Amino acid sequence: MTTPEHRISHLLDRSRDAGLLVLRVGAALLIWAFHMRPKLAHFDEELRSFPDPIGIGHAPSFLLALVSEGLCSVLCALGLLTRLSALPIVFTMAMVLLLAVRGFEGADVQAALLYALPYLTLALVGPGRHSIDHLLRHRYEALLRRYLHRAPSQGA
């Protein structure tokens, strides 16, 4: 027989997992609708004039932003390599904030923060049960155990 505390805990877990699913999919839809679509619609212009905050050139910076915001947001929505996939998006938004600090007028601080926050949250808490990562958790744990077993000791 389950206790009321157990049922409440189970409901809270389920609602947290549903919330993380909504966060993952919602953040990806928003970044695609309002950030990726305009970039793709003006691809040639963006390729030539995209900001270069780390000094690698306009085109490489633009392509990195496309991979970060495009591919990584889809991986996060699916819940595949979620924590790892969220980090490039957070980094890209940090570059927008850096551009704003440097006085670049095209840097939208509010949008950068609004895109970065859900992905930073996902990097910290993970994707929840409704994800591919959850289905693969045993494989991930086995890989981690294997890596930790092979890692050289720090004390020598």
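**Pockets, cores and cysteines in a predicted model**

Q: Which helix gives the largest share of the lining of the largest pocket?
A: α4 does, with seven residues of the lining. The model is a predicted one. A residue counts as lining because it has an atom within 4 Å of a pocket point.

Q: Which other helices supply at least two residues of this lining?
A: Besides α4 (82–101), α1 (4–41), α3 (58–78) and α5 (109–125) each supply at least two. The pocket has a volume of about 520 Å³. Of its 28 lining residues, K39, F50, E69, T92 and V96 are the closest to the centre.

Q: What makes up the lining of the largest pocket by class?
A: There are 19 nonpolar, five polar and four charged residues. F50 and V96 are among those closest to the centre; Phe and Val count as nonpolar, whereas Lys and Glu count as charged.

Q: What is the volume of the second largest pocket, and which residues lie nearest its centre?
A: The volume is about 340 Å³. Of the 13 lining residues, R83, P127, D133, R137 and Y140 lie nearest the centre. α7 (137–150) gives the largest share, four residues. By class, this lining divides into six nonpolar, four polar and three charged residues.

Q: What makes a set of residues a nonpolar core?
A: The residues must be buried, of nonpolar types such as Ile and Met, and joined through side-chain atoms within 4.5 Å. The largest such core has 21 residues, and I31, A86, I89, M93, Y115, Y119 and L122 have the most contacts inside it. α1, α3, α4 and α5 each give two or more residues to this core, and α5 gives the most, seven.

Q: Which residues is M93 in contact with, leaving aside its neighbours within four places in sequence?
A: M93 is in contact with I31, H35, E69, A112, Y115 and A116.

Q: Where do M36, F50, F62 and L66 belong?
A: They are among the five residues of another core, which lies apart from the largest one.

Q: Why is the count of disulfides zero?
A: A disulfide needs two cysteine sulfur atoms within 2.5 Å. The sulfur of C72 is 6.8 Å from its closest cysteine sulfur, that of C76, so the two are too far apart for a bond. The count by this rule therefore comes to zero.

Q: Why are C72 and C76 called buried?
A: Buried means under 20% relative accessible area. C72 is at 8%, so it counts as buried. C76 is at 0%, so it counts as buried too.

Key
Residues numbered from 1 in each chain as written. Predicted model: local features only at pLDDT ≥ 70, side-chain atom pairs only at ≥ 80, totals over all residues. Heavy atoms only, no water. 1 Å grid on protein atoms, 1.4 Å probe; cavity = no way out; pocket = protein on both sides within 12 Å on 5 of 7 lines; lining within 4 Å. Points joined across faces, edges and corners; volume = space filled by probe spheres on them. Buried < 20%, exposed > 50% of the residue type's maximum accessible area, 1.4 Å probe, protein only. Contact = heavy atoms within 4.5 Å.
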